[in-house]
Amino acid sequence: MNSKEPEENWEEQKKKLKEKFAALTENDLFFTKCKKEEMIEKLQIKLGKTKEELLKIIAL
């Protein structure tokens with residue numbers, strides 16, 4: 001079982017994503033469980049990645 005809270009893990013993931021994709025903003029990476037699909041769709045458009053590619057990168 002992961003001892004980290006989901007929010008902590010997401011903060012770490014956001015830092016990694018921003019390092020890898022400099023064009024991403026805080027608004028692009030705003031995440032709540034109920035808005036996950038919406039965020040993924042925005043990232044797909046902005047980064048030109050498939051949903052599967054993004055899920056592998058961010059491991060949500």
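The report below goes from the overall layout to the core and then to the salt bridges.

**Layout**

This is a predicted model, in which local features need pLDDT of at least 70 and side-chain atom pairs count only at pLDDT 80 or more, while totals for chains, interfaces and linings use all residues. Residues are numbered from 1 along each chain as its sequence is written, and side-chain values use heavy atoms, with hydrogens and water left out.

The protein has three helices and zero strands. Its elements run α-α-α from the N terminus on. Helices (H or I, at least four residues) and strands (E, at least two) are DSSP runs, numbered from the N terminus.

Of the 60 residues in the protein, 23% are buried. Buried means under 20% relative accessible area, exposed means over 50%, and partly exposed lies in between (1.4 Å probe, protein chains only). The protein exposes about 4,600 Å², and carbon and sulfur atoms supply 53% of that area. Such areas come from the Shrake-Rupley method with a 1.4 Å probe; for residues, only the protein chains shown count as cover.

**Helix by helix**

Start with Gln-13, found in helix α1 (residues 6–20). Gln-13 is buried, with a relative accessible area of 12%. Not counting residues up to four places away in sequence, Gln-13 touches Ile-57 and Ile-58. A contact means heavy atoms within 4.5 Å.

Helix α2 covers residues 36–47, twelve in number, and should span 16 Å at 1.5 Å a residue; its end C-alpha atoms are 16 Å apart, which agrees. The expected span is 1.5 Å times one less than the number of residues. Which residues of α2 are buried? They are Met-39, Ile-40, Leu-43 and Leu-47. These residues cover an arc of only 100° around the axis, so they are on the same side of α2. The arc is that of the directions from the helix axis to the C-beta atoms. An α-helix has 3.6 residues a turn, so residues three or four places apart point the same way. Just after α2, Gly-48 takes a positive phi of about 70°.

Leu-55 lies in helix α3 (residues 51–58). Leu-55 is partly exposed, at 29% relative accessible area. Its C-alpha atom is 8.3 Å from that of Ile-40, 15 residues apart along the chain.

**The core**

The largest nonpolar core has eleven residues, among them Trp-10, Phe-21, Leu-29, Met-39 and Ile-58. Helices α1, α2 and α3 each supply at least two residues of this core. The largest share, four residues, comes from α2. A nonpolar core is a set of buried Ala, Val, Leu, Ile, Met, Phe, Trp, Tyr and Cys residues joined through side-chain atoms within 4.5 Å.

**Salt bridges**

A salt bridge is a side-chain nitrogen of Lys or Arg within 4 Å of a carboxyl oxygen of Asp or Glu. The count comes to six. Three of them are tabulated here.

| Pair | N to O distance |
|---|---|
| Lys-14 and Glu-26 | 2.9 Å |
| Lys-18 and Glu-26 | 2.3 Å |
| Lys-46 and Asp-28 | 2.6 Å |

Lys-46 is in helix α2, and Asp-28 is in the loop between α1 and α2, 18 residues apart. Lys-46 is partly exposed at 39%, whereas Asp-28 counts as buried at 12%. Lys-14 is buried, with a relative accessible area of 10%. Glu-26 is partly exposed at 43%. Glu-11, Lys-14, Lys-18 and Glu-26 are linked in a network of salt bridges.
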